[in-house]
Amino acid sequence: MITIKHFHHPKLTVNSWLIRENAAVAVLGKNGAGKQYVDKLLLGQLKDAEYASLTIPENQLVTLVSFETLQAVYENELKIDETDLTDEIDFGTPAKDFLPQDKLDHPFIASFHLEHRLDTGFRQLSTGESRKLLILKAILSGANYIILDNPFDDLDASSRAQLSDVLSQLKHQDITLILLLSNRQDIPKWVTTFALVEDNHLHDLSGLSVSDAQATIDTIFAFDALDKSLLERMITDKHSHNKKPLVRIKNANVIYAENHALKSADLSIDTFQHTIITGPNGSGKSTLLQLVTGDCPQCFSNDVTVMGHRRGTGETIWDIKKHLGIVSPDIHRSYRVGCNALTVVLSGFMDSIGLYKDVSASQKQQALAWLDLIGLRPLANNSFKQLSFGEQRLLLIARALVKFPSLLVLDEPTQGLDEINRRLVLDVITTIAKKQLATILMVSHREDERLPIFAQHKELQAG
């Protein structure tokens, strides 16, 4: 077991915490509360700390699966990309190469529905599939302690249930599980041990009954309705001039290495026809959105018209992107430049990763107003890379909204957000839609994000 007493570090304080062998512990906390330092503590990465006792069993493999570990794999895949050296596109390391080669027939692979994806390159996997792959790697590689940071993000309802079922069995595999969660809805029913992180303090709730522990957690996640007054001031005199059909995609097919990423897809969106796209992991939702944004190269070989421009007829990608605000896992992965939080929001005016042009005083004021709205004004000068994943995602949402684009393209925008910030973002989206400031095109796996504003629902099918 792991025992910690009187642990003090500038980023995390733990008076007392005991994690029993083969247990499953849910650690709850809001964005910015300090959950990301819990995994660093358990991995031995918090240096120069003061503590009375800290016991982590020797010769035990502790493995973390988080956005940061996914990002590290993604960046390594970019480094070893050999597309420029060969005549073929390098789609990355095959999924099977991440797993122990003597366990490629393990039943857990089928439980994760990855048996048909083992020969697929890592960069071809959906975000949810890549997350499942790394979790599977941790399990099959013999980890004794597995830390999962918001493991149910990016997963469709079926995959969430499958993952929960597999995780519930890990105690029989002599694996101790620590779930770092930002939403109470993500707590599996089989978890009965809890901890709470608040203001960089971890509180062990294992001495409480399940009901008392959950009541304590509930008080932290009490939601205050969005203060509409600031948003109302920000949107005064803002309105959309666009009256053209926004998107027309006819019979689109996207094929990589003879595998269909998208098959015979149609999408039609008129101005203010807010649209939500759903479907299982790997069904092509992100690919469909990339046809809209121009981030899929095959948009030029398909019948794709966006903002009145037929792809491949002479327009530049910037002719279209100036009308779009985009939030996606790809943009989050790509935002690897060194800059502060304010710069991230300001870069939305330029549709750039980082900021390479001067901005006006009014643009800076507008960006600061968005920081006020999402509660991150005090972090305006903080490094983007040093912020929590949830705080980074909030900044990227503000980046997409800052110029009040005609079309908001949102691919799982609330990924990594705690339930309070998720509701804040959904409230902002709803207000923008009702005020007819933009047309919303969104991908989501969550049932509670199918907002009344969505007049059109397109569901993609697996395969």
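**Note on the predicted model: helices, sheets and ring pairs**

1. Helix α13 (residues 389-401) packs against helix α14 (residues 419-434) at an angle of about 10 degrees, and their axes lie 12 Å apart. Axes here are lines fitted to C-alpha atoms, for helices over the stretch in contact, and angles run from 0 to 180 degrees between N-to-C directions. The two helices, α13 and α14, are therefore roughly parallel to each other. The cut-offs are these: under 35 degrees is roughly parallel, over 145 roughly antiparallel, 65 to 115 roughly perpendicular, and the rest oblique. From α13, the contact uses Leu394, Ile397 and Leu401. From α14, it uses Asn421, Val425, Val428 and Ile432. Contact means heavy atoms within 4.5 Å. By class, the contact of α13 with α14 has six nonpolar residues, one polar and no charged. Ala, Val, Leu, Ile, Met, Phe, Trp, Tyr, Cys and Pro count as nonpolar; Asp, Glu, Lys and Arg count as charged; the others, Gly among them, count as polar.

2. A word on the basis. This is a predicted model, in which local features need pLDDT of at least 70 and side-chain atom pairs count only at pLDDT 80 or more, while totals for chains, interfaces and linings use all residues. Residues are numbered from 1 along each chain as its sequence is written, and side-chain values use heavy atoms, with hydrogens and water left out. Helices (H or I, at least four residues) and strands (E, at least two) are DSSP runs, numbered from the N terminus.

3. Helix α2 (residues 67-79) and helix α4 (residues 127-140) pack at an angle of about 100 degrees, with axes 11 Å apart. That makes α2 roughly perpendicular to α4. Thr69, Leu70 and Val73 of α2 meet Ser130, Arg131 and Leu134 of α4. This contact of α2 with α4 has three nonpolar, two polar and one charged residues.

4. Next, the nine-stranded sheet. This open sheet has the order β4-β1-β2-β9-β8-β3-β7-β6-β5, and its pairing is mixed. Two strands pair if DSSP finds at least two bridges between them. The edge strands are β4 and β5 (62-65), and each pairs on one side only. From one strand to the next, the twist averages 20 degrees. Inside the order, β3 (residues 24-29) and β8 (residues 193-198) run parallel, joined by five bridges. Val27 stands opposite Ala195 in β8.

5. His201 lies in strand β9 (residues 201-204). His201 is partly exposed, with a relative accessible area of 35%. Buried means under 20% relative accessible area, exposed over 50%, and partly exposed in between (1.4 Å probe, protein chains only). His201 and Leu12 are 189 residues apart in sequence but 5.7 Å apart in space, C-alpha to C-alpha. Leaving out residues up to four places away in sequence, His201 touches Thr13 and Leu196.

6. The other open sheet has five strands in the order β15-β16-β17-β12-β18, with parallel pairing. β15 (324-327) and β18 (456-459) stand at the edges with a single partner strand each, so one side of each has no neighbour in the sheet. Neighbouring strands of this sheet are turned by 10 degrees against each other on average, direction ignored. Three bridges link β12 (residues 275-278) with β17 (residues 439-443) in the parallel sense. Thr275 has Leu441 of β17 as its bridge partner. Helix α14 packs on the sheet and touches β16 and β17; its direction makes about 145 degrees with that of β17.

7. Then a hairpin. Strands β10 (residues 247-256) and β11 (residues 259-269) pair in the antiparallel sense over seven bridges. Ala252 has Ala265 of β11 as its bridge partner. Two residues lie between β10 and β11, and Ala257 in the turn has a positive phi of about 50 degrees.

8. Last, the rings. The structure holds five aromatic pairs. Rings of Phe, Tyr and Trp (its six-membered ring) pair if their centres lie within 6.5 Å; planes under 30 degrees apart are stacked, over 60 edge-to-face, and the rest tilted. Phe7 and Tyr51 are stacked, at 6.1 Å centre to centre with 15 degrees between the planes. Phe7 is buried, with a relative accessible area of 1%, whereas Tyr51 is partly exposed at 46%. The rings of Phe67 and Phe389 have centres 4.3 Å apart and planes at 45 degrees, so this pair is tilted. Phe67 sits in α2 and Phe389 in α13, 322 residues apart. Both Phe67 and Phe389 are buried.
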